[in-house]
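Visitor: Hi, I've got a structure to look at. Can you walk me through it?
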Amino acid sequence: MKKILDFLRAFLLCALLGAALPATASADKAPDVLVRDVTTEVLEIVRADKAIQAGDTQRVIALVDAKVLPHFDFRRMTMLAVGRDWRQASAEQQTRLTDAFRTLLVRTYSNALTQYRDQRIEFRPSRFAPADTRVQVRTEVVQTGAQPIGIDYMLEKGEQGWKVFDVIVAGVSLVTNYRSSFGQEIARGGIDGLIRSLEERNRALAEQQGMSQGDAGRGA
C-alpha cells in the first residue's frame, strides 16, 4: 500500500511540476521542451509561495485547477483506467466517471506539492521524430537521501496541442494501477457502482480538507 501511495504522490508532484504554460504556448513547443520549460516555471512558483510551503491544501488545489488540468487528457486517462468496461457506459456515465476520477486524483494527492522541498528534476534523452503525434518524455526526480524516481510522461498531440494521457512512475502506469480496483467495483455494482464509489470518496476527501460539497466538484 505504501508503495502505491508513494507512486501516486510522486505522480501528482511531477504532474504539477510539468504543467504551467498556457495551452496556446504549449501547442507550439516540442513535448520535451515543454516539460522542461514548465517544470522550471512551476518550481519557481512553489519556492516563492509561502502558503504552499506551509501546507495550504486549498491553495494547491487552486494551482492544480489553473495550471495542470488543461494539459492532461483526463477523459482518455479514465477510459484507459476503466478498460473494456468503458464501452458499456453511456455518454452521461462517461462524463461522470471522468469528472469523478479527475477530482479523486487532485483531491487525494494535493498534499504532495506542499511537501516539496529540495527535489530536482533531471531530463533523460527522449527520442522521437518531428512528425510523431505520440511520444514518451523521460524525467527523473532526484531527492537527497532517497533513490531517484523515474517519471515518464506519455503525451499525444491533438487539435489542442500536446496532452498527457498517462504517467509512468518507476515503470508503473498510473492508469493501469487503477484498472484492477475499478474492475472490482464494476463487477460488484456496475458502472453506476463505480461512479458512486468515486463520488463518495471525493465527498469524504472534501470533508477532510474542510471544503463544501460544491467546492469538491469544482476544477475536477
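Visitor: Which residues have the most contacts inside the largest nonpolar core?
Guide: L97, Y153, Y178 and F182 do, in a core of 43 residues. Such a core is a set of buried Ala, Val, Leu, Ile, Met, Phe, Trp, Tyr and Cys residues joined through side-chain atoms within 4.5 Å. Buried means under 20% relative accessible area, with a 1.4 Å probe and protein chains only. The model is predicted: local features need pLDDT of at least 70, side-chain atom pairs count only at pLDDT 80 or more, and totals for chains, interfaces and linings use all residues. Residues are numbered from 1 along each chain as its sequence is written, and side-chain values use heavy atoms, with hydrogens and water left out.

Visitor: Which element gives the most to this core?
Guide: α9, with ten residues. Helices (H or I, at least four residues) and strands (E, at least two) are DSSP runs, numbered from the N terminus.

Visitor: And what does F182 touch?
Guide: A81, V82, F101, L194 and L198, not counting residues up to four places away in sequence. Touching, or contact, means heavy atoms within 4.5 Å.

Visitor: New topic. How do β2 and β3 pair?
Guide: In the antiparallel sense, over eight bridges. Strands pair if DSSP finds at least two bridges between them. T139 stands opposite I151 in β3.

Visitor: What about the turn there?
Guide: β2 and β3 form a hairpin with six residues between them. In the turn, G145 has a positive phi of about 80 degrees.

Visitor: How many residues lie between β3 and β4 in their hairpin?
Guide: Two. Those strands run antiparallel, joined by eight bridges. L155 has V164 in β4 as its bridge partner.

Definitions and conventions: Buried means under 20% relative accessible area, exposed over 50%, partly exposed in between (1.4 Å probe, protein chains only).
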